[in-house]
Amino acid sequence: MRTGTDRLFEEVFGGGGGGRWLAGTWAFLVDLYDTDDAFVLKAELPGLGKDDIQIEVHDRTLTLRGKRKQEAEAKEERYHWRERTYGSFQHSSWLPTIADAEKIQADFKNGILERRLPKSETAQAE
């Protein structure tokens, strides 16, 4: 019984595939840190491209959203094992100071999205 419970918990809250499946949504892995002049966000988004992701900064909230689409590989009944997750995703992070949304820089390599959000001049002066 414990093995079954452990497996269910892992499937719901921490399966493989480079992310987690929480409450019907694929939750990707994110790091957010700041330097003297910018916030840096790194997100693991395997199988996605720049056009699959929308980023919005409003006041002190940074939101990433998009959708990871399932490829038409095999019929559902032909799968023997399935860990990769698909579907819509959204992640919001609160920023301790206001970022300058007009000067956001992006780099996307090997499934890792890196966004540099320069701090506003007011925030840098603090």
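Buried means under 20% relative accessible area, exposed means over 50%, and partly exposed covers what lies in between. Keep that handy while you click around this predicted model.

The theme of the tour is charge pairing. Side chains of opposite charge can pair when their charged atoms come close. Across the whole structure, a search turns up four salt bridges. Here are some stops.

**Stop one.** Select lysine 42 and glutamate 114. Their closest N and O atoms sit 3.6 Å apart, making a salt bridge. Trace the chain and you'll see that the pair links distant parts of it: lysine 42 belongs to strand β3 (residues 38–44), glutamate 114 to strand β8, and 72 residues separate them. Lysine 42 has 32% relative accessibility, so it counts as partly exposed. Glutamate 114, at 23%, is partly exposed too.

**Stop two.** Now pick lysine 119 and aspartate 34. These side chains meet in a salt bridge, with 2.8 Å from N to O. Again the partners come from distant parts of the chain, 85 residues apart: lysine 119 is in the loop between β8 (112–118) and α2 (121–125), while aspartate 34 is in strand β2 (residues 25–34). Which of the two is buried? Lysine 119 is, because its relative accessibility is 12%. Aspartate 34 is partly exposed at 44%.

**Stop three.** Finish with arginine 65 and glutamate 56. Their side chains form a salt bridge, at 3.7 Å from N to O. Arginine 65 is partly exposed, with a relative accessible area of 29%, and glutamate 56 is partly exposed at 41%.

Technical notes: Residues are numbered from 1 along each chain as its sequence is written. This is a predicted model: local features need pLDDT of at least 70, side-chain atom pairs count only at pLDDT 80 or more; totals for chains, interfaces and linings use all residues. Side-chain values use heavy atoms; hydrogens and water are left out. Helices (H or I, at least four residues) and strands (E, at least two) are DSSP runs, numbered from the N terminus. Buried means under 20% relative accessible area, exposed over 50%, partly exposed in between (1.4 Å probe, protein chains only).
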